[in-house]
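Biologist: I've got a structure open on my screen and I'd like to learn how to read it. Can you walk me through it?

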Amino acid sequence: MMKRNMYLSLSMLTLAAGLSAAEPVVIQLPEARRSGGMPLMDALSARRSTRNFKKDAPIADAVLGELLWATWGYNREDKRTAPTAVNAQELDVYVLRADGAWLYDARKHALIQVVDKDIRSATLMENIAQPFVLDAPVTLVYVCDATRGPKGADGKGIIGKWAGTDTGFLAQNAYLYCASAGLGTVVRGSFPPETLAKALKLNENQFVTLCQCVGWPQ
Ligand SMILES: Cc1cc2nc3c(=O)[nH]c(=O)nc-3n(C[C@H](O)[C@H](O)[C@H](O)COP(=O)(O)O)c2cc1C
């Protein structure tokens, strides 16, 4: 009888483990403040690229949540803090940090885990030395989903040609929030697109447009 109970408990544990493996890990971010911060002209005066980050100085989820809301949150029922061509909203922001890679779900203001290990090094190009990338606790990765928005005569999405322009608005939002919050940041166009897409498990219609390191400046 005891043996049978043990088997039952074991199979229930296995079932629980199986269920939890199927469910992605989700982090609910604290609600972002939508007022305050540095006056706009001061933030513009302070905006700059930083490549010296304090090591082992994580960004708290409350600050990360504000950064993500400022970058690409909803500031109206169905529209966002950054404009996109024909309001296609073709971009997603992924967050890379030591505990994995996370998709920012702006509707829920939550992080959904897509990779359970640190893949910040997958943003590095072999021939370009950027050691600061591994010091920065967060790398934002901007990803275009080319299936969103209008389609061409061949039925394929045409938004890809605007993705770079649209990314610039998100990245500048992040720059301004960082200036206001005392964070350092730098956008990075030098990343290996295929390696990074693979590490992030992107599908064939998605591509990375830009990376942006964020951390506390030294
Ligand atoms: C599209 C784009 C790509 C960039 N790529 C990189 C990069 O790969 N690595 C890097 O260190 N800085 C990169 N930068 C940052 C620029 O070097 C930086 O913005 C420029 O030197 C001006 O400095 P500031 O941002 O402090 O005004 C990039 C900037 C832009 C707009």
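Predicted model: local features only at pLDDT ≥ 70, side-chain atom pairs only at ≥ 80, totals over all residues.

Biologist: Got it. How many helices and strands does the protein have?

Modeller: There are 6 helices and 7 strands. Reading from the N terminus, the elements go α-β-α-α-β-β-β-α-β-α-β-α-β. The C-alpha atoms fill a box of roughly 75 × 50 × 45 Å along the principal axes.

Biologist: Now the sheet. In what order do the strands sit?

Modeller: The general idea: strands of a sheet pair through backbone hydrogen bonds, either parallel or antiparallel. Here 7 strands make an open sheet, in the order E1-E4-E3-E2-E5-E7-E6, with antiparallel pairing. At the edges are strand E1 (26-28) and strand E6 (184-188), each of which pairs on one side only. On average, neighbouring strands of this sheet are turned by 25 degrees against each other, direction ignored.

Biologist: Which helices pack on that sheet?

Modeller: Helix H3 (residues 61-72) does, touching E1, E2, E3, strand E5 (138-145) and strand E7 (206-215). The direction of H3 makes about 155 degrees with that of E2. H5 packs on the sheet too, touching E2, E5, E6 and E7. The direction of H5 makes about 10 degrees with that of E7.

Biologist: Can we zoom in on some strand pairs?

Modeller: Let's start with strand E2 (residues 91-97) and strand E3 (residues 100-105), which pair antiparallel over 4 bridges. Arg97 has Gly100 in E3 as its bridge partner. E3 is also joined to E4 by 5 bridges, again antiparallel, and there Trp102 has Gln113 of E4 as its bridge partner. The hairpin of E3 and E4 has 4 residues between the strands, and His109 takes a positive phi near 50 degrees in it. On to E1: 3 bridges join this strand to strand E4 (residues 110-115), running antiparallel. Val26 finds its bridge partner in Ile112 of E4.

Biologist: Last one: which residues are around the ligand?

Modeller: They are Arg48, Ser49, Arg51, Val186, Val187, Arg188, Gly189 and Ser190. Sorted by class, this shell has 2 nonpolar, 3 polar and 3 charged residues.

Technical notes. Residues numbered from 1 in each chain as written. Near = placed C-beta within 6 Å. Nonpolar A, V, L, I, M, F, W, Y, C, P; charged D, E, K, R; others polar. Pairing = 2+ DSSP bridges. Helix = DSSP H or I, 4+ residues; strand = E, 2+ residues; numbered from the N terminus. Axes fitted to C-alpha atoms, helices over the stretch in contact; angles between N-to-C directions. Contact = placed C-beta atoms within 7 Å.
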